[in-house]
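Reader: I have a model to look at before I set anything up. Can you walk me through it?

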Amino acid sequence: MNKQIDIYEVGPRDGFQNLRTYIPLEEKLKIIDDLVASGIKHIQITSFVSPKAIPQMKDAAEVARICLEKYKNVDFFALVPNLRGAQTAWEVGIRKISYVVSLSASHNKANINRTHEESCEELRKIMERYPELYVCIDLATAFGCPFEGKVPAEAVAAFMKDYVALGVHEFNLCDTIGVANPRQVREVIHVVRAAYPDLTLQVHIHDTRNMGMVNTLAAIEAGVDRIQSTLGGLGGCPFAPGASGNLATEDIVYMLNDMGYDTGINFDELLAASRREKETITDGVFSGHHMNIQNKMAE
Ligand code: COA
Ligand code: ZN
């Protein structure tokens, strides 16, 4: 059996959140339909955040309700920054959240207006109020921050301690602005694994410097089997200067399928989906490579 790698598509949140022009609900749903049709099983469909902070996500409840009703065998999850968001998410039926906190205190403040202590205390309240809500920590700026630079791998592990103590089992190490390198990725994963051997890890790597693929591959070779990416490489972070496109789902799926990993995803359908998305979204930054390739290798 080939090793399975699970793709966690986060475009409907991390990609869409940067776009000023509102994408009509039907268009969002069509993109999610395309993703499901290509075989993707894990999709971050929206975020329950302040519409003042991210106007694009004002339809979070509708998106979630419709998707949860329509697809029963897809793992839909949503980003949540606070108790209020967790409450709305829970009420519409979401049972899995990405709770976002930044390793860098200044990015945490810029992004969600919280100190580290406040973020941790807020999660404690969420977990107390919703004990059946599954929480994955989105650890933003884990490999470097636009305001504070890089921190040693040991600091990443140390930061996670309070969240592990709360009972969190899964962490998504995010290179929010795309400054990691493969050696650093290996080191952070090694140090985190050594400190917490039982945790489940994901990576979320932005492709700012064309290092999305190598950094993600470094994570896979270090043992991570849950990879975040966005269709077309659409992405960025509105509160992190310099953050640009994500790793494109079709690019990583192409590579993994070609290497013999089992992703369960149909590349041709995925590529068609990313091209359709690009036609729909005209003001996005797409870092995907395959969507521009015209030639097809002889079979
Ligand atoms: N969903 C909807 N509205 C929310 C909300 C949520 N989860 N949390 C807060 N709000 C509303 C409040 O009701 C309030 O509205 P009002 O001004 O009409 O009274 C307003 O947002 C501000 O609330 P407050 O609690 O003072 O929050 P804040 O100003 O300190 O901002 C966040 C904190 C987390 C709500 C806000 O920074 C945010 O949503 N950030 C999102 C960041 C993000 O998504 N970044 C990209 C992904 S990493
Ligand atoms: Zn991101």
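Author: What follows covers the zinc site, some of the strands and the cysteines. This is a predicted model, where local features need pLDDT of at least 70, side-chain atom pairs count only at pLDDT 80 or more, and totals for chains, interfaces and linings use all residues. Residues are numbered from 1 along each chain as its sequence is written, chains are lettered from A and ligands numbered from 1 in the order in which they are written, and side-chain values use heavy atoms, with hydrogens and water left out.

Reader: Metal first. What are the protein donors of the zinc ion (ligand 2)?

Author: Asp14 (OD), His204 (NE2) and His206 (NE2), lying 2.0 to 2.1 Å from the zinc ion. Donors here are N, O and S atoms within 2.8 Å of the metal (3.2 Å for Na, K and Ca); water is not among the atoms, so sites may look incomplete.

Reader: And how are the donor residues spaced in sequence?

Author: The pattern is D-x189-H-x1-H. Asp14 lies in helix H1 (residues 11–15) and His204 in strand S7 (residues 200–205), so this pair ties together parts that are 190 residues apart in sequence. Helices (H or I, at least four residues) and strands (E, at least two) are DSSP runs, numbered from the N terminus.

Reader: Is Asp14 buried or exposed?

Author: Buried, at 3% relative accessibility. His204 is buried as well, at 4%. The cut-offs are under 20% relative accessible area for buried and over 50% for exposed, with partly exposed in between (1.4 Å probe, protein chains only).

Reader: Strands next. What does S6 pair with?

Author: S6 (residues 170–175) runs parallel to S5 (residues 134–140) over 4 bridges, and 6 bridges join S6 to S7, also in parallel. Two strands pair if DSSP finds at least two bridges between them.

Reader: How many residues of S6 are buried?

Author: 6 of its 6. Glu170, Asn172 and Cys174 cover one side, and Phe171, Leu173 and Asp175 the other. In a regular strand the side chains alternate between the two faces of the sheet.

Reader: Now the cysteines. How many disulfides are there?

Author: The count is 0, a disulfide being a pair of cysteine sulfur atoms within 2.5 Å.
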